[in-house]
Amino acid sequence: MTPAGAAVPDPRFARFRFWLLAVVLLLFVPVGVLAKQAMATLFIALAILLLVAVWLERRRIAWPEKPVLIAYAAILALSLLGAWGGGHGLHLADMLKKLAMLALLLVCVSAAPDIRAGLSTRPLVLCLAAGIVLGAVIFAIELKFDAPLYRFFSGKGWDNPVAPSRFNRGSTALVLLSWPAAAGLWLGGRRPAALVLVLVGLAAASIGESASAALAAMIAVFMLPLAILSGRIASRLMLLFAVPLMIAAPWLLGNLLVWIPDYVAVFPPSFADRLEIWHSVSLAVFEQPLLGHGLGATRRLVVPEAVTAGFSFFKHGTIHPHNAALQIWLELGIGGILAALVLLWRLVAASDPLPRPGRAAAIAALCCGLVIAAVSYGLWQETWLGIIGLTILAFGVLCRDESPSD
């Protein structure tokens with residue numbers, strides 16, 4: 001029965017939300033493997049349409065809770081302050097686009113209770129699971145046979161090389177989204193299928209070019225048993241590691257070259273290059289540790305020749321520091337890192353009410369995301385935000401029932 005005073009979902013809007021979610025959950029990973037930028041477009045369209053449907057049905061939208069709003073307001077204020085102060089960041093219009101994407105993500109995942117109201121979630125779980133399996137098959141075909149499907153749909157001939165790394169974002173989506181899909185299958189009584197789906201995500205990461213996705217998948221599987229036994233201990237342990245590392249990022253990452261002087265011989269070129277980038281960005285952080293250099297400042301970061309003279313790889317600018325904490329420090333200063341920690345804390349707290357399997361999977365997925373954010377994508381890349389947003393929304397919509405958490 002519907003509680004007294006509660007809004008009764010309109011069947012027309014419920015059908016719209018159901019089919020919209022079903023289509024996007026089914027297509028997100030397969031389409032994203034072939035056209036990585038499409039993942040941003042799919043999430044943006046999904047979020048906007050879902051929020052419009054919720055507003056038309058209920059004449060209201062659930063806003064993020066107060067700590068999240070305060071953290072976002074701090075990020076917005078620091079970004080505007082950096083733009084007004086003539087920092088080295090993005091132009092105002094580009095900056096507002098990035099912040100609008102973050103706002104859309106926060107509002108959409110906060111509205112998950114209204115989005116899932118009146119929906120049968122088991123078919124949606126099957127749509128996401130089918131999308132992951134199909135995406136993994138496409139991913140394997142593209143890597144094994146030199147991207148035949150990508151060449152066909154893009155019109156790129158066989159004479160032009162296609163780097164396997166172009167499918168890295170697809171592997172990231174496979175790894176992250178396999179967790180809410182597996183949790184939803186487990187809650188629906190399909191436990192063998194849930195285990196298979198976790199293995200699918202792990203296998204896809206292991207055959208791909210993305211070392212960060214493979215490392216993230218392994219760490220998540222390693223964390224899973226503890227998260228199953230006690231979600232509270234696992235999530236707080238994760239915070240215990242993440243918070244100090246994020247706060248100390250400029251000091252830790254900026255000194256790696258000092259602590260490992262023969263890093264070129266120790267690490268592969270791709271990671272040695274990261275060490276040089278982190279060293280350069282850390283030096284810039286200490287120039288403006290309070291307010292930062294402005295959103296997107298890495299693109300215009302000028303590294304002194306005295307620093308790059310000793311580098312083997314990093315001689316020119318880069319679009320982002322390949323570390324989320326370092327990027328926040330550089331762009332928004334200490335206020336930005338504190339706001340990011342609030343958002344991380346609320347994300348961990350949001351997993352607490354989930355039933356035990358959903359909570360364990362959410363903690364595993366968050367471990368994945370933190371590892372990937374520490375070594376890979378730029379914080380404001382729309383594709384990365386789209387993957388994060390859909391993963392959080394999938395947990396909020398697909399992985400809740402009336403079972404108590406531990």
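Helices here are DSSP runs of H or I with at least four residues, strands are runs of E with at least two, and both are numbered from the N terminus. Good morning, colleagues. This is a predicted model, in which local features need pLDDT of at least 70 and side-chain atom pairs count only at pLDDT 80 or more, whereas totals for chains, interfaces and linings use all residues. Residues are numbered from 1 along each chain as its sequence is written, and side-chain values use heavy atoms, with hydrogens and water left out.

I begin with the loop between α6 and α7, where A147 lies. Its phi is positive, about 55°, although A147 is not a glycine. D146 belongs to the loop between α6 (121–144) and α7 (148–154), and D146 too is a non-glycine residue with a positive phi, near 60°. A147 is buried because its relative accessible area is 1%, while D146 counts as partly exposed because its value is 36%.

The next residue is H293, in the loop between α15 (269–285) and α16 (305–308). With a relative accessibility of 9%, H293 counts as buried. Its side chain reaches the backbone oxygen of A284 at 2.7 Å.

I turn to the interior. A nonpolar core is a set of buried Ala, Val, Leu, Ile, Met, Phe, Trp, Tyr and Cys residues joined through side-chain atoms within 4.5 Å. The largest such core has 138 residues, and L21, F28, I115, I132, W179, L393 and L398 touch the most other members. Helix α17 (residues 324–351) supplies the largest share of this core, 14 residues. Which residues does W179 touch, not counting those up to four places away in sequence? With contact taken as heavy atoms within 4.5 Å, they are V198, A220, V221, L224, A361, A364, A365, C368 and F395. In soluble globular proteins, nonpolar side chains tend to be buried together.

Finally, the second largest pocket. A pocket is an open set of points on a 1 Å grid over the protein atoms alone, where a 1.4 Å probe fits, with protein on both sides within 12 Å along at least five of seven lines; lining residues have an atom within 4 Å of a point. This pocket is lined by 21 residues, of which N168, S210, S212, R274 and S376 lie nearest its centre. Helices α8 (168–187), α10 (211–229) and α15 each give two or more residues to the lining. Thank you.

Notes. Buried means under 20% relative accessible area, exposed over 50%, partly exposed in between (1.4 Å probe, protein chains only). A polar contact is a pair of N or O atoms within 3.5 Å; within protein, one must be able to donate a hydrogen and the other to accept it, and residues adjacent in sequence count only if both atoms are side-chain atoms.
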